[in-house]
Amino acid sequence: MKTRTMKNLYAFIALVAALLRLEPCAFAQNPGPGPLTITVSTATPTDDPNYYLVEVGDDGDPATTIQITGVGDIPSLQSDMLCTCGYNGQTAAPDTDGNRVYTFENDEGVGDQDDNGVGPDIFWDVDSNTTPNEYKFALQDITQFYLSCTGSWTNGSTTATQENSQASPTITILAYKITTTCDADIPVDKTRTTIGVGEDVTATILPASVVAQWTLSNDPDGSHTDNGSTYSFHGADNSGSLDVSAAIHGVTKTLTFTIVAPNGENAWITGGDGYYNDEAGCGMEFQVCTWPTDVSLHNVEILELTCPAVTDGYFNTRVSSHHPNVPIQLTNLNYSSDHSGTGTGFNNAAKFKPWAWGTYSYDIPLRWKSLYQSGTPQDPTLWGYSFSSNRFSGTVMTGTNGEVIHGKFGQSGSRTPTP
Amino acid sequence: MKIIIAIITVSLTIAFSISDAATSDYKAIASSGTTGSINEAEAVVFGLWQESSRMYCDQIMRLFEELGNRRDPEMFKECIKLSKDLLSKNYDVIPDGNNSIPDLWEYRRVLFLAQEQCVNRLRYYAEMSNASVTDKVEAVKLIAGFFRKVRTGIIPGYVDKPVFYNVIPGDVDLNSIADPKLRIDCINKIKQNMQNKADNEKQYLLPKFLRLYSKQYQQFCARVVAESPDVSQTMAGILKDAGF
């Protein structure tokens with residue numbers, strides 16, 4: 001009985017001993033370094049940890065230097081790679097042969113070179129010459145070379161080399177460029193960021209493969225939100241500023257536009273009305289230029305409002321209130337045309353004889369609105385904006401010879417009927 | 001089982017009802033006593049066309065955007081339905097029986113701008129709502145039809161016609177012209193002035209639409225094809241038909 005118990009005890013001890021012997025062997029297995037990683041500085045991180053942004057500048061802008069750094073370790077040297085001293089059996093690691101060599105797979109950039117290969121950093125200058133595109137970077141491998149054992153130190157193998165080839169995730173750096181183009185050909189600078197009310201602009205992000213989310217600052221209901229690589233919008237309905245934002249992978253880039261409203265005008269005479277001999281009357285056509293001219297007001301409409309006539313003398317019973325015809329959309333030169341005068345033919349307010357001194361005038365108010373605002377002439381309350389103008393229209397018949405002087409916009413002409 | 005069906009029905013009714021403040025107009029339009037369902041709101045909005053093109057455009061676009069912004073594939077189907085009705089209207093026809101001197105394009109422009117906005121939003125909502133490829137292709141067809149119509153309305157080499165704030169025979173009130181013949185003559189001249197303005201503006205807005213939005217549309221089509229390559233032939237045909 002005693003012998004059996006002892007046998008069992010020995011067996012238990014042997015089992016424990018075996019387990020204890022196994023334990024150091026398990027710990028001796030080198031778990032090795034983890035996968036390689038990569039870090040990026042200077043580029044803008046996004047909501048995707050492997051996606052970064054950098055903006056391509058314009059000519060003359062300083063370059064942005066992107067630094068991509070490989071991070072990782074190499075496995076420890078195995079025992080047969082160590083140098084062993086022939087006298088006492090002591091072991092030691094062989095000397096390293098230069099720095100660790102980092103092998104990248106990179107679309108762009110230059111590594112920091114040393115005597116032995118490529119270091120942990122890639123440097124990439126992004127400037128106006130950089131083609132907007134997505135650029136890929138990954139650290140493929142880190143290798144450490146070792147020198148042979150020297151003197152009385154030897155090892156069982158040839159020169160040791162240790163390598164970590166667990167490649168890092170590929171990171172993408174989007175070099176993008178946003179440009180804006182005014183739709184109007186005049187003014188010639190189509191890259192302006194000062195635009196007229198209602199002026200059309202198209203923003204484009206390059207490369208074209210990028211789908212950005214576009215928003216406008218004055219668009220509370222989001223009705224002008226859009227997505228894609230191009231985005232068309234128009235200036236606000238009145239002066240102020242307008243932010244246009246493009247969001248790419250959660251990063252927003254904002255461009256600010258200044259919106260300019262019509263603020264004045266000048267006009268010149270381009271022609272006169274025709275009259276018969278012995279017919280009094282004076283009328284002319286005008287070309288009107290609306291200011292400012294350093295933006296396009298092509299999407300602006302101007303409307304003259306009705307106003308009463310102020311009459312005296314000859315014209316007392318011969319003219320009525322001013323009745324404008326139609327709102328005018330300004331041309332690509334910010335021009336519009338007008339006609340003003342006593343009228344011609346049967347409707348000539350100066351046709352009746354005998355001629356005598358008299359005057360009539362209209363102090364014509366005007367309104368403007370963006371083409372994108374829906375408002376008909378029949379609903380002038382929608383025409384909310386005005387600017388200082390000189391649309392005073394005045395007519396004088398100087399006396400019995402039928403001479404008529406007529407003017408508008410501060411320009412005037414006169415005509416005396418030929419007998 | 002009946003209980004489950006009832007729950008689903010109630011849920012769907014709630015989901016399809018227009019309940020927020022933004023759509024209160026439609027509930028009102030859908031007349032008192034209705035449940036304010038989308039179908040009823042659509043029916044009312046469609047009927048507005050006979051009453052006022054502007055009111056129709058305003059209301060249909062509000063409903064369209066309300067539904068589109070929900071970013072729901074089912075709501076996108078409703079957007080397609082609204083778009084079909086809106087885009088079926090002809091901006092070359094004046095629906096409103098206006099006064100003696102209608103400003104022709106003023107009325108057409110309201111519709112044109114609503115349709116322009118509609119096709120752009122339709123493209124956007126198609127992607128934002130995760131609509132099915134079938135619905136996206138439907139949207140592509142609708143938009144293509146609008147592009148085709150715009151393209152055919154453009155007069156090549158158009159030169160702007162003269163337009164004046166005031167035209168001969170003077171800037172006076174037409175009612176002050178006693179002679180009926182002269183009055184008609186004056187009205188015709190003013191009408192011509194307005195017609196010139198309408199023609200100019202139309203020939204300005206139509207090419208502008210193509211300039212500004214062709215690229216976005218083509219990119220949208222490309223994304224639809226990328227999502228489902230088996231529709232590439234269909235899409236190519238649609239694009240060709242639209243003049244691309």
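In this predicted model, helix 4 of chain B is largely enclosed by the rest of the structure, because 12 of its 16 residues are buried. Among these buried residues are B:Tyr56, B:Ile60, B:Leu63, B:Phe64 and B:Leu67, and the list also includes B:Gln59, B:Glu65 and B:Glu66. The length of helix 4 of chain B can be checked by simple reasoning: at 1.5 Å a residue, its 16 residues should span 22 Å, and since its end C-alpha atoms are 22 Å apart, the two values agree.

In soluble globular proteins, nonpolar side chains tend to be buried together. The largest nonpolar core of this model has 60 residues, and those with the most contacts inside it are B:Phe76, B:Phe112, B:Leu122, B:Phe209 and B:Tyr217. Helix 4 of chain B is one of the elements that give two or more residues to this core, and others include helix 3, helix 5 and helix 8 of chain B. The most comes from helix 6 of chain B, which gives 12 residues.

Another core, of 44 residues, lies apart from the largest one, and among its members are A:Val197, A:Leu255, A:Phe257 and B:Ile190.

Chain A holds an open sheet of 3 strands, in the order 25-23-28, with antiparallel pairing. Strand 25 and strand 28 of chain A each have a single partner strand and stand at the edges, so one side of each is left without a neighbour in the sheet. Strand 23 of chain A is joined to strand 28 of chain A by 5 bridges, and A:Leu303 stands opposite A:Arg367 in strand 28 of chain A. The strands of this sheet have these residue ranges.

| Strand (chain A) | Residues |
|---|---|
| Strand 25 | 328–329 |
| Strand 23 | 300–304 |
| Strand 28 | 366–370 |

How many residues of chain B are in contact with chain A? There are 47 of them, and they are in contact with 60 residues of chain A. The size of an interface is often given as the accessible area lost when the parts come together. Chain B and chain A bury about 4500 Å² between them, with 46% of it on carbon and sulfur atoms. The count of salt bridges between the two chains is 5, and in one salt bridge the side chains of A:Asp183 and B:Arg211 meet at 2.6 Å, N to O.

Terms used
Residues numbered from 1 in each chain as written. Chains lettered and ligands numbered in written order. Predicted model: local features only at pLDDT ≥ 70, side-chain atom pairs only at ≥ 80, totals over all residues. Heavy atoms only, no water. Core = buried A, V, L, I, M, F, W, Y, C linked by side-chain atoms within 4.5 Å. Buried < 20%, exposed > 50% of the residue type's maximum accessible area, 1.4 Å probe, protein only. Helix = DSSP H or I, 4+ residues; strand = E, 2+ residues; numbered from the N terminus. Pairing = 2+ DSSP bridges. Expected span 1.5 Å × (residues − 1). Contact = heavy atoms within 4.5 Å. Buried area = accessible area lost by both parts, 1.4 Å probe. Salt bridge = Lys/Arg side-chain N within 4 Å of Asp/Glu carboxyl O.
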